Amino acid sequence: MSRAINRTNKPHGLSVAHDETDRAKHKREKIMQGALRTFLSYGYSASMDAIAAEAGVAKQTLYSYFNNKEDLFAALMDRLLEHFVDAGMKPELRSLPTQAFLRKLAQITLSQMDDWEYVSMLRLVIGESGRFPQLSEVYLTRLVNPGIQKLTHYIKENDELAFGDPEAVARIMHGALINFIISQEVLGGKHTMPMSRERVINSLIDMVLFAAQQSAQSR
């Protein structure tokens, strides 16, 4: 009797491990999506039981992936960090001319306005942080601060951006963009006081580059 040939030349154990890893990733994503829907429907006060039910998993399975709601919320923030902040600071973008890089970074930041998950999480943080201060702490430490620190480092290393306080400049730039997202998407300003993204981006970059030029001349 002929035996089946493993044409992939991969040990069977590696194939099984790969399948298990894929299943674990799928289960983790299923739980995170269930948590997101639950948080948005019932607020952060929703129980882990409710999250497990919405995700369609056993409570024991939920706890095997996440210890508590804060871990779940942090995981959702980390995913947004990967999608937006890390994407905006890729080496191929950092190698662009200064003006082109700042424009691309601003465009990626404002593209969060088109992401339902980001806008929904932002609404949740703003609405629930009064009762649950840990939400704003997780949002700031896991999503906002990493972006500011990466931009601060870029400004420090860029000879064209000769600012005395790079971190303050990074915070001002980030704050202007996030304020635009909040005013337009969270507060409904796109209906009452609309403004195009390009106007905001153009004006912000013009101000930063002009200020950098003035700072360099004063030294």
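What sits over the ring of Tyr44? Select Lys69 and Tyr44: the charged end of Lys69 lies over that ring, 4.6 Å from the ring centre. A charge counts as over a ring if NZ of Lys or CZ of Arg is within 6 Å of the ring centre and within 35 degrees of the ring normal.

This is a predicted model, in which local features need pLDDT of at least 70 and side-chain atom pairs count only at pLDDT 80 or more, while totals for chains, interfaces and linings use all residues. Residues are numbered from 1 along each chain as its sequence is written, and side-chain values use heavy atoms, with hydrogens and water left out.

Next, show the aromatic rings. The structure holds 5 aromatic pairs (rings of Phe, Tyr and Trp, the last by its six-membered ring, with centres within 6.5 Å; planes under 30 degrees apart are stacked, over 60 edge-to-face, the rest tilted). Phe39 and Tyr44 make a tilted pair, 5.4 Å centre to centre with 35° between the planes. Both Phe39 and Tyr44 are buried (under 20% relative accessible area; exposed is over 50%, partly exposed in between, with a 1.4 Å probe and protein chains only).

Now select Tyr44 with Phe132. Their ring centres are 5.2 Å apart and the planes stand at 65°, so this pair is edge-to-face. Relative accessibility is 3% for Tyr44 and 16% for Phe132, which is therefore buried.

Finally, select Phe39, Tyr44, Phe73 and Phe132, which form one aromatic cluster.
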